[in-house]
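Welcome! Take a moment to look over the sequence and the model, and then let us walk through some of its features together.

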Amino acid sequence: MKGGGAYISIGSSTSSINSMGSGSGSGSKMTLGKSVKMYLTIFIATTCIYMVLYQYHMSREPFAPSEVGKHQEKSSSSSYIASYLWSPMSLLMANATTTTTTTTTTTTVSSTTTTTATVSNAGQVGQGSSSGSIRTVSLAATRPTQASSLASASAGGAAAHKTAATTTTTTSTTPPATVTTTTTTTRANPIAKKGPASTSMSQSQLDAAHKIRPTFVAASEPPPLYIITPTYRRPEQLAELTRLGYTLKHVANLLWLVIEDANKTNPLVAHTLDRIGVPYEYMVAPMPEKYKQTKKAKPRGVSNRNRGLEYLRQHATEGVLYFADDDNTYDISIFEQMRYISKVGMWPVGLVTKTGVSSPIIRNGKLDGYYDGWIGGRKYPVDMAGFAVNIKFLRQRPHAQMPFKPGYEEDGFLRSLAPLDNDEIDLLADECRDILTWHTQTKKNPPAQALNKTRYSNTNLVHIDKLLVRP
Ligand code: UGA
Ligand code: MN
């Protein structure tokens, strides 16, 4: 704006001098007038060039700290947004990186054959996509970051290191994952689709986008989250996983451990997880036969969660683990808060029996007991949806696990983390004044009846029928 003002004043003074010059009749004055005119023309031209350069320079400056602050307020994960560095090259790099990653990933997928019963999806979108905060700052900048996270997430073990070497922005916090050849096509496709989508932008479009606002890239990922979700075969299963999966899709740097109470994986579940696109591991952990047979309450989801803990002891070194039952409801801000738990974190859970809420009681800023519809002699009468644990802390408790004791799963697991002082429990969700998770239950549905294959042969119903989960 200052430049504009200067330009106008110079322009007006020019015209006044010009009119002076044309008003005089003398030859020497004419010559003087001409050289003054020439001088002014050169001066104005130089000023214009300077202004153009100045504008260009300004357009490439990083945001002033105050502007970053504004984004920070919007962001729920403000503590790491400050680590974004301005990178003028990142937008141009977007194409190159995406292309490289696509190639790398495809190679990795076709060359990696695991013998485990797990299927994993490198679903790029969960990685970083997610972070609304990153998107607020720059949409374009997240692409290369996502793509490279994807490459490393898709490669397991040694393969991961190989892939990491070929990408530029891979970080050590990306959760590890393995792939099976069965998912090659499913997984390669979304990535392949991404490639052309981003490479199809012309250079001039990229330049134009660049001029609109500066570009930021994430300098580091936030601490990883490992979400352990027990699931089991029933008509509602795919609906529950779809709903939870799309919630998790809003969360950056997360690995979803979906563990089914079954002897073998279900391709329909794998397909659903592939489609959602959150990085995941799909494993099985059947409930021991003796508990299945019992007429009494069953320890639901326990073998699944213990399998998840075993996986984490093998693969995870840092971050936070959370047990997210497939049927509950989660506000994504709880995930951003739980990343930074130092040992154990707790918070209220809504809709638990007629008590309405299960929550730690905070008195004078300190944890002072628990509010829950059923205390049952528990040291930690909390709901499964109301706590999370730091991975490093878990690894310091090699024997910590969940007991096959209906009603005492949470308590037994938290007790197995001893020693743990109440003072060491982080109180999340506005010091337990807010409700960010709910223990919801989906109405049970009867299994779908068999399709009349004669009546509906050669119709779409034959295809749909194959998508239904029957117990
Ligand atoms: C409550 C708690 O929130 C659970 O964490 C706890 O395991 C359960 O009570 C219990 O104490 O038995 P609730 O909603 O009553 O959960 O149980 P479900 O939602 O039916 O099951 C909890 C989790 O285990 C779900 O993710 C579910 O998919 C899984 N599950 C359930 C199995 O893996 N196998 C089963 O046979 C049943
Ligand atoms: Mn439930």
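## A guided look at the model

Pro 419 has its place in the loop between α17 (409–415) and β14 (425–427). Keep in mind as you read that this is a predicted model. Is Pro 419 buried or exposed? With a relative accessibility of 62%, Pro 419 counts as exposed, because the cut-off for that word is over 50%. Arg 397 lies 22 residues from Pro 419 in sequence, and the C-alpha atoms of the two are 9.0 Å apart in space.

Now turn to two residues with the opposite label. Asn 328 is found in the loop between β7 and β8. Its relative accessible area is 5%, so Asn 328 is buried. A polar atom of the Asn 328 side chain lies 3.2 Å from the backbone nitrogen of Thr 440. Leu 367, in turn, belongs to strand β12. Leu 367 counts as buried because its relative accessibility is 13%, and buried means under 20%. Between the C-alpha atoms of Leu 367 and Asp 426 there are 9.2 Å, while the two residues are 59 apart along the chain.

### The sheet and its strands

Strand β12 brings us to an open sheet. In what order do its five strands follow one another? The order is β8-β15-β10-β11-β12, and the pairing is mixed. At the edges are β8 (329–330) and β12 (366–371), each of which pairs on one side only. Further in, strand β10 (residues 349–350) and strand β15 (residues 437–438) run parallel and are joined by two bridges. One of the residues to look for here is Gly 350, whose bridge partner in β15 is Trp 438.

Another parallel pairing is found between strand β5 (residues 254–260) and β6, with five bridges joining them. Trp 256 has Tyr 280 of β6 as its bridge partner. Strand β6 (residues 280–284) is mostly covered, with five of its five residues buried. In a regular strand, side chains alternate between the two faces of the sheet. In β6, Tyr 280, Tyr 282 and Val 284 point one way, Glu 281 and Met 283 point the other way, and all are buried.

### A covered helix

Helix α12 (residues 267–276) is also mostly covered: seven of its ten residues are buried. These are Leu 268, Val 269, Ala 270, Thr 272, Leu 273, Asp 274 and Ile 276. Just after the helix comes Gly 277, which takes a positive phi of about 85°.

### Aromatic rings

How many aromatic pairs does the structure hold? There are ten aromatic pairs. Phe 323 and Phe 387 are both buried.

Ring pairs also build a cluster from Tyr 322, Tyr 330, Phe 335 and Trp 347. Elsewhere a charge meets a ring: the charged end of Lys 405 sits over the ring of Tyr 408, 4.6 Å from its centre.

### Around ligand 1

Which residues are closest to ligand 1? Of the 20 residues that surround ligand 1, the closest are Pro 230, Asp 261, Arg 300, Arg 305 and Asp 327. The table gives some contacts to look up.

| Residue | Atom in the residue | Atom in ligand 1 | Distance |
|---|---|---|---|
| Asp 261 | side-chain N or O | nitrogen | 2.9 Å |
| Arg 300 | polar backbone atom | oxygen | 2.8 Å |
| Asp 327 | polar side-chain atom | oxygen | 2.8 Å |

Taken alone, ligand 1 exposes 680 Å², and the protein buries 89% of that.

Key. Residues are numbered from 1 along each chain as its sequence is written. Chains are lettered from A and ligands numbered from 1 in the order in which they are written. This is a predicted model: local features need pLDDT of at least 70, side-chain atom pairs count only at pLDDT 80 or more; totals for chains, interfaces and linings use all residues. Side-chain values use heavy atoms; hydrogens and water are left out. Rings of Phe, Tyr and Trp (its six-membered ring) pair if their centres lie within 6.5 Å; planes under 30 degrees apart count as stacked, over 60 as edge-to-face and the rest as tilted. Buried means under 20% relative accessible area, exposed over 50%, partly exposed in between (1.4 Å probe, protein chains only). A charge sits over a ring if NZ of Lys or CZ of Arg is within 6 Å of the ring centre and within 35 degrees of the ring normal. Two strands pair if DSSP finds at least two bridges between them. Helices (H or I, at least four residues) and strands (E, at least two) are DSSP runs, numbered from the N terminus. A residue is near a molecule or strand if one of its heavy atoms lies within 4 Å of it. A polar contact is a pair of N or O atoms within 3.5 Å; within protein, one must be able to donate a hydrogen and the other to accept it, and residues adjacent in sequence count only if both atoms are side-chain atoms. Accessible areas come from the Shrake-Rupley method with a 1.4 Å probe; for residues, only the protein chains shown count as cover.
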